[in-house]
Amino acid sequence: MEVGDKVYWYLMGMGNEVDIHTVHWHGHSVEYKLGGGPHRVDSYELFPAIFQTVKMRPQYPGTWLVHCHVTDHISAGMEAMYTVTEKAKKGGLFG
């Protein structure tokens, strides 16, 4: 993704009552709608049988961590990196 892109993350909770997740994005926040209004957060609690789409507009280039805050899940490897690059400069004579 590039700085300023509109990025959608599609979250889905599966499992049973022990499969509760808190998704946390480092470096950026996301927006979601609930009850008609938008909410901005850097973590989202995801319960079983819940689906949520969150929107991110990354502002800071770099490689960032996204992970679950549940200790057992971190130990099991529920984490990843996402990379935000600078906006590509338009080339050409008029770009």
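Which residues are linked in a network of salt bridges? They are E2, D5 and K87. Keep in mind as you look around that this is a predicted model.

**Salt bridges**
- The count comes to three salt bridges.
- E2 pairs with K87, and their closest N and O atoms are 3.7 Å apart. Because E2 sits in the segment before β1 and K87 in the segment after β8, this pair ties together parts that are 85 residues apart in sequence.
- K87 also forms a salt bridge with D5, where the closest N and O atoms are 2.9 Å apart.
- R40 and E31 meet through their side chains in a salt bridge of 3.2 Å, N to O. R40 is exposed at 51% relative accessible area, while E31 is partly exposed at 22%.

**The largest pocket**
- The volume of the largest pocket is about 180 Å³.
- Its lining has 13 residues, and L11, H21, V23, L46 and M78 lie nearest the centre.
- Strand β1 gives the largest share of this lining, four residues.
- Ten of the lining residues are nonpolar, two are polar and one is charged.

**A nonpolar surface patch**
- M12 belongs to strand β1, and its relative accessibility of 46% makes it partly exposed.

How values were computed
Residues are numbered from 1 along each chain as its sequence is written. This is a predicted model: local features need pLDDT of at least 70, side-chain atom pairs count only at pLDDT 80 or more; totals for chains, interfaces and linings use all residues. Side-chain values use heavy atoms; hydrogens and water are left out. Helices (H or I, at least four residues) and strands (E, at least two) are DSSP runs, numbered from the N terminus. Buried means under 20% relative accessible area, exposed over 50%, partly exposed in between (1.4 Å probe, protein chains only). On a 1 Å grid over the protein atoms alone, a cavity is a set of points where a 1.4 Å probe fits but cannot get out, and a pocket is an open set with protein on both sides within 12 Å along at least five of seven lines; lining residues have an atom within 4 Å of a point. Grid points are joined across faces, edges and corners, and a volume is the space filled by probe spheres set on the points. Ala, Val, Leu, Ile, Met, Phe, Trp, Tyr, Cys and Pro count as nonpolar, Asp, Glu, Lys and Arg as charged, and the others, Gly among them, as polar. A salt bridge is a side-chain nitrogen of Lys or Arg within 4 Å of a carboxyl oxygen of Asp or Glu.
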